[in-house]
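My notes follow the order in which I checked things.

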Amino acid sequence: MLKRRAQAALKGSGLLKTLILYASKYGTTRKLAKRIAKGFDDATVCNLKDGDIPPVSGFDCVIIGSPVYGGSIQKEAKDFILQTKTALYEKEFGLFLSGTNADDEDKYFQENFPAGVLRAAKATAFLGGIFDASQTGRLTRFIVKRAKQPLYSNTIDFERIKQFIEDMVERYES
Ligand SMILES: Cc1cc2nc3c(=O)[nH]c(=O)nc-3n(C[C@H](O)[C@H](O)[C@H](O)COP(=O)(O)O)c2cc1C
């Protein structure tokens, strides 16, 4: 449905070539990136940790996503944004974060991205995440158990994902 809307919106404005870049430790942010890609007709999804990223100049739209660990985004995402921000400013670009603590979403954006990048971004979104203690080390499991926190939680916000895609294609709809 969304794809059809985006498609209809793109009539006359050419195909929206989209590059979706992500960093991920346990795979949730990769899943989110692939889910977002379904909202676009021509999306290329790349792992920032693999290197070999196509130049952003070849795309109309660039989306970058990272999980949050201890309040910080992944270094690969941070480095990529700092290195390419001048080129990004010439694109429609969006940022998304994956994490299980939605209460601090504003803080995560403010503390992990330069103010200029946040101002220039077309959309930013905290999409929730999956915490699975079985994927973590013994120390993390110990801390989580001691804090009486659940060993598994899934807070992925599908409505927010949809909204994020809509925000990214918005200009093409008007
Ligand atoms: C050790 C550890 C620290 C975490 N710290 C945060 C945090 O500070 N804020 C948050 O919202 N989520 C935090 N999370 C949850 C992860 O961000 C969430 O599980 C995310 O979906 C993982 O994405 P990934 O599988 O792509 O690495 C933490 C998870 C672990 C295991």
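**Ground rules.** I am working on a predicted model, where local features need pLDDT of at least 70, side-chain atom pairs count only at pLDDT 80 or more, and totals for chains, interfaces and linings use all residues. I number residues from 1 along each chain as its sequence is written.

**Strand E3.** I took helices (H or I, at least four residues) and strands (E, at least two) as DSSP runs, numbered from the N terminus. E3 spans residues 61-69. I looked up its burial: eight of its nine residues are buried. Buried here means 20 or more other C-beta atoms within 10 Å of a residue's own; exposed means 12 or fewer, partly exposed lies in between, and C-beta atoms are placed from the backbone.

**Partners.** I counted two strands as paired if DSSP finds at least two bridges between them. E1 (residues 17-22) runs parallel to E3, with five bridges. E5 (residues 92-98) is also parallel to E3, with seven bridges.

E4 (residues 72-73) is antiparallel to E3 and joined to it by two bridges. There I found Tyr 69 opposite Ser 72.

**Core.** I defined a nonpolar core as buried Ala, Val, Leu, Ile, Met, Phe, Trp, Tyr and Cys residues joined through C-beta atoms within 7 Å. The largest one has 36 residues. Ile 63 and Ile 64 are among those with the most contacts inside it, as are Phe 96 and Leu 127. Elements supplying at least two residues each include E1, E3, E5 and helix H7 (158-173).

**Gly 27.** Is Gly 27 buried or exposed? It counts as exposed, because it has 12 C-beta neighbours inside 10 Å. I placed Gly 27 in the loop between E1 and H2. Its C-alpha atom is 9.5 Å from that of Pro 67, 40 residues apart along the chain.
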